[in-house]
Amino acid sequence: MRVNIPINKPIIGEEEAELVKKVTLSGIFTNPQPEGGKWVKKFEESFASYIGTKDAISVNSGTSALYASLLAAGVGVGDEVIVPPFTFPSTADVVLLVGAKPVFADINIDTYNIEPNDLKAKITKNTRAIIPVHLYGLSADMKPIMELAEDNDLVVIEDACQSHGSEYHGKKTGSLGHMGCFSFYPSKIITTGEGGMVTTNNEELADKLRLIRTHGHGREYETVLLGTNLRMPELEAAIGFTQLNKIESFLIARKANAEVYNQVLTPLENAYLPIVPKGYKHNWYLYTIRLKREEAQTRILSELRSRGIGVKVYYPYPIHTMSYYLKLGYGTVRYPNSELAAKSVISLPVHPGVSREEADYITDAVLSVIH
Ligand SMILES: *Cc1c(COP(=O)(O)O)cnc(C)c1O
């Protein structure tokens, strides 16, 4: 039998399929009112209650969630937004899309999340917002970040696209900043195909977000605020509602696999295992190890792939080194921890579709190729 274990895959059942059929036959696919249609409202209510915020506003992707949040916060030309360079590129791209300037702050090499001390050093009189990323599903260190935001009057937009269900000192990510942004892309903890959500406790921001996602139309065909079409279709919302009902079982399965890795991989001398600081709850979106010898990354990736294990590097290119960003003049300042992480991390499949036998197969393979 040929082994083929992907890095992530959606877990979909008959419930989703039956609901898709039902919504399709209803003939109601979307609702352009700011408050959205029946399934959009249902999904938003249950998502807000799961995260622990007053409001949740669905959109058509995680990137749209970040983009709409910046628009709602009024971030634009002349403003600076601080982001880590070690993340999915759209965290920084959306800042450029609203006409503002991304300013990078390096990560902490143990948690892979934005380092509050470097963040503090990057604040200028033009800084308007911070986008901390909860990378791999581990919360960023939000207490010092919120203190810096408070002192400097900054908006905090959490990039929680990987951290559904993760916690920081008893509160879920997405409820810690002013807005939280989630993705429902098929590789994420739960999926709607494509989709996203903004969570917030701020009613004014929630009202703006509902307008922004539907052309800023306060009433039919009248633009009262600049927006665009970022709406989540009813079919996606129905799938999301069903997926959210299953999230606990997904998180339990991920945790069981992560615990096998934590235990069995402990003897590894040439790699660091992921750390979970006290008071944090990891959702194990990705189980990422870091090699002590970065020159081994290419060989280890190819040896594990040749055994059918879908290992991946998230992310191989820090944003300040990407060709588009070099053209904009980035690349003169170095971010040593982000550059080191990019060259030495490897993520292992840990999703609910990985069986106990497969988890054992993966640990055997990792122990034999990392030496
Ligand atoms: C997935 C992801 C996004 C973008 O979400 P999409 O739904 O793919 O647009 C943004 N940031 C991070 C950290 C992500 O993992």
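## Helix packing, domains and backbone features

Helix 3 and helix 7 meet through Ala68, Ser69, Leu71 and Ala72 on the helix 3 side and Leu205, Lys208, Leu209 and Ile212 on the helix 7 side. By class, this contact of helix 3 with helix 7 comprises six nonpolar residues, one polar and one charged. The model described here is predicted.

Helix 7 spans residues 203–212, and its axis comes within 9 Å of that of helix 3, with a crossing angle of roughly 120 degrees. Angles of 65 to 115 degrees count as roughly perpendicular and those over 145 as roughly antiparallel; helix 3 and helix 7 are therefore oblique to each other. Their crossing is right-handed.

Helix 3 also packs against helix 4. The axes of helix 3 (residues 62–72) and helix 4 (residues 90–97) cross at roughly 40 degrees and come within 9 Å. This angle makes helix 3 oblique to helix 4. Helix 3 passes helix 4 in a right-handed crossing. From helix 3, the residues in this contact are Thr63, Leu66, Tyr67 and Leu70, and they meet Ser90, Thr91, Val94, Val95 and Leu97 of helix 4. The contact of helix 3 with helix 4 has six nonpolar and three polar residues, and no charged ones.

The axis values for the two pairs are set out below.

| Helix pair | Axes come within | Crossing angle |
|---|---|---|
| Helix 3 and helix 4 | 9 Å | roughly 40 degrees |
| Helix 3 and helix 7 | 9 Å | roughly 120 degrees |

At the level of the whole chain, there is a division into domain 1 (14–244) and domain 2 (247–369). The contact between them takes 44 residues from domain 1 and 39 residues from domain 2. The C-alpha centres of domain 1 and domain 2 are 24 Å apart. The size of an interface is often given as the accessible area lost when the parts come together. Between domain 1 and domain 2 the buried area is about 3,500 Å², and carbon and sulfur atoms give 61% of that area.

Tyr136 is not a glycine, yet has a positive phi of about 65 degrees.

Terms used. Residues numbered from 1 in each chain as written. Predicted model: local features only at pLDDT ≥ 70, side-chain atom pairs only at ≥ 80, totals over all residues. Heavy atoms only, no water. Axes fitted to C-alpha atoms, helices over the stretch in contact; angles between N-to-C directions. Helix = DSSP H or I, 4+ residues; strand = E, 2+ residues; numbered from the N terminus. Parallel < 35°, antiparallel > 145°, perpendicular 65-115°, else oblique. Left-handed = near helix turned anticlockwise from the far one by under 90°. Contact = heavy atoms within 4.5 Å. Nonpolar A, V, L, I, M, F, W, Y, C, P; charged D, E, K, R; others polar. Domains from an automatic or database assignment. Buried area = accessible area lost by both parts, 1.4 Å probe.
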